[in-house]
Amino acid sequence: MPDRYDLPAGFRWGASTAAYQIEGAVDEDGRGRSIWDAFCERPGAVKDGDTGRTACDHYRRWPEDVALMRELGLDTYRFSLAWTRVQPTGRGPANPAGLDFYDRLVDGLLEAGITPLPTLFHWDLPQALEDEGGWLHRDTAHRFAEYAALAADRLGDRVPAWITLNEPFVHMVYGYALGIHAPGRALMLDALPAAHHQLLAHGLAAAELRARGREVLIANNLTPVRPASDAPADLAAADAYDTLHNRLFTDPLLLGRYPDLTAYGLGPDPDLGGAVRDGDLALISAPGLDGLGVNYYNPTRIAAPTEPGLPFTEAPVDGVPRTHFDWPVVPEGLPELLRTLRDRYGAALPPITVTENGCSTDAALDDTARTTYLATHLDALAQATAEGIDVRGYCTWSLLDNFEWAEGYSQRFGLVHVDFATQRRTPRASFAWYRDLIAAHRASRAGE
Ligand code: FCB
C-alpha cells in the first residue's frame with residue numbers, strides 16, 4: 001500500500017468551512033435573512049434549539065482563524081460566501097459592506113500564502129428568494145448567476161477558481177424532499193425541480209465566471225453504492241439509488257443528459273417535474289468543468305424497497321467503526337467511488353479535488369479517532385492516484401468545530417476545538433498531525 005505522502009508533487013492541502021456554519025454576525029453590515037436564519041427559529045427544527053447567530057464568530061475572529069491556517073501550512077482554504085451579505089434579498093446591486101468582509105478575508109489568506117477557494121452557495125439561500133419559491137422557481141437560477149458575477153467582479157482578480165454549489169443533492173433531499181434542513185419542505189419526488197434549477201444555476205454562473213477568466217468547479221456529495229446482496233431486487237434498488245444520489249447531479253454536467261429515472265416512475269427522458277426546457281442541458285454542460293469537487297464521507301448500502309414510495313431502502317453498513325455521528329468509517333469507499341467515476345465518465349471526467357472529508361468526534365482535544373480517519377482516507381486516496389486517477393487536492397472538513405445544521409453544535413468536526421461560550425480556539429492533536437503531514441509531504445517532494 002502506498003504511504004500517505006505518496007501523493008502527486010503538486011497536490012494541494014486544504015481545509016473547508018461554510019458561511020452559515022462559522023460566521024455568526026447575522027445582522028452585521030447589511031446582511032439579509034437567509035433560509036437558515038428562518039429555519040433555526042422553527043421550534044424543534046434544530047437540535048437543542050441551536051442557531052448560527054454567533055457560530056464561531058468568524059466574521060470578527062477571521063484573522064485568528066487565518067493564523068491557524070498559516071500554522072497548518074495550508075495551500076487552499078475552501079469557504080463559502082453568504083449570498084445574503086452580497087445581495088441581502090438575493091437580487092439587485094451588491095452590498096459593498098458585505099463584499100468588504102470577503103475582500104479582507106481574501107487578502108488575509110493571500111498574505112498567509114493560502115489560495116482562497118470560495119463556494120458561492122452552501123445552502124443559505126436568501127429568504128426573499130425562498131418566498132418566491134426558492135429552488136423550485138426557475139428565476140432563482142438567474143438570480144444566482146447575477147450574484148456570481150457580482151462576487152467575481154469584486155474578488156475575481158485574486159480568486160482563480162470558484163465552486164458554484166455545495167452538494168445540490170443534499171440540499172434538494174434534506175431541504176426540499178424530507179424537510180430536515182432549511183427551507184424545511186417535505187415534497188418527496190416533487191422536489192426534483194430543485195435539482196434542475198440548481199444545476200441550471202451552476203451552468204449560468206459558470207458562464208459568468210468563465211467570461212471573467214476564472215476556473216469553475218462544483219462540490220458534489222458522492223457515495224459508492226453497495227447492494228445489500230446479489231439478489232436482482234437489491235441490485236435494481238442499488239442502481240436506482242445510485243442514479244438519484246450520484247448520477248442525477250453529475251451526468252448532466254459531464255454528459256449533458258439526465259439519467260433514466262424510470263425506477264422512480266419518471267422517464268426514460270425525465271423532465272424533472274416539467275422544469276427542463278430546451279437548451280438547458282447544453283447550458284449546464286457547455287462550459288465543462290475545470291474540476292469536480294468530491295465530498296466523501298461514507299458508502300451507502302441499499303436493499304430492495306420495503307414500503308411503497310421509493311424504489312430502495314437504506315440498509316446499515318455493518319462491521320466497521322462508526323464516527324460520533326454514527327456514520328460508518330470505510331476509507332476504501334473513497335477509491336471505490338473514484339474508480340466508478342473514472343469508469344463511468346472516462347475522458348469527460350475532469351481532475352478531482354476532494355472538497356470535504358472528515359469525521360465528528362466528542363469535544364476532547366486528544367482526537368485519535370479523527371487522526372485515524374484522516375490517515376486511512378489519505379492512504380486510500382493515494383491508492384487511487386497510484387492507479388492514475390487525477391486527484392489534485394484534499395480539503396478536510398473542517399478547520400473548526402461549527403454549527404452542524406440540524407445537529408446544531410452537537411457534532412464536532414474541527415481540527416480546532418471551539419469553546420462556544422468563550423470562542424476560544426484550541427488546536428486538537430489532529431491539527432498537529434495534519435500540519436506535520438503537510439510539511440513532510442512538501443519536504444519529500446521538494447527535490448523532485
Ligand atoms: C456536508 C456539508 C458540510 C458539513 C458536512 C459534515 O454534507 O457540506 O456543510 O455539514 O457534511
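Residues are numbered from 1 along each chain as its sequence is written, and side-chain values use heavy atoms, with hydrogens and water left out. Because the model is predicted, local features need pLDDT of at least 70 and side-chain atom pairs count only at pLDDT 80 or more, whereas totals for chains, interfaces and linings use all residues.

**Stop 1: the ligand**

A ligand oxygen lies 2.7 Å from a side-chain N or O atom of Glu404. For Gln21, the distance from a polar side-chain atom to a ligand oxygen is 2.8 Å, and for the side chain of Trp405 the corresponding value is 2.9 Å. Taken alone, the ligand exposes 300 Å², of which the protein buries 96%; these areas come from the Shrake-Rupley method with a 1.4 Å probe, and for residues only the protein chains shown count as cover.

**Stop 2: Glu356**

Helices (H or I, at least four residues) and strands (E, at least two) are DSSP runs, numbered from the N terminus. Glu356 has a relative accessible area of 5% and is therefore buried; buried means under 20%, exposed over 50%, and partly exposed in between, with a 1.4 Å probe and protein chains only. The side chain of Glu356 makes polar contacts with those of Arg78, at 3.0 Å, and Asn295, at 3.2 Å. Beyond four places in sequence, its contacts (heavy atoms within 4.5 Å) include Ser16, His122, Cys395 and Trp397.

**Stop 3: strand S11**

Now select residues 391-397, strand S11, where six of the seven residues are buried. Strands pair if DSSP finds at least two bridges between them. Strand S10 (residues 352-356) runs parallel to S11, with three bridges, and Val354 stands opposite Tyr394. To follow the chain from S10 to S11, trace helix H14 (residues 368-386); this β-α-β crossover is right-handed, which means that, with the strands pointing away from the viewer, the path from the first strand over the helix to the second runs clockwise. Strand S1 (residues 12-16) also pairs with S11 in the parallel sense, over five bridges, and Arg12 is opposite Gly393.

**Stop 4: strand S5**

Select residues 215-221, strand S5. Six of its seven residues are buried, so S5 is largely enclosed by the rest of the structure. Four bridges join S5 to the parallel strand S4 (residues 161-166), with Trp162 as the bridge partner of Val216. Strand S7 (residues 291-295) is also parallel to S5 and is joined by five bridges; Asn220 stands opposite Val294.

**Stop 5: helix H10 and Asn246**

Continue to helix H10 (residues 232-247), whose buried residues include Asp234, Ala237, Tyr241 and Leu244. Their cover includes helices H8 (168-177) and H13 (333-345), as well as strand S5.

End on Asn246, located in H10. Its relative accessibility is 5%, so Asn246 counts as buried. The side chain of Asn246 makes a polar contact of 2.6 Å with that of Asp242, and a polar atom of the Asn246 side chain lies 2.8 Å from the backbone oxygen of Thr223.

Notes:
A polar contact is a pair of N or O atoms within 3.5 Å; within protein, one must be able to donate a hydrogen and the other to accept it, and residues adjacent in sequence count only if both atoms are side-chain atoms.
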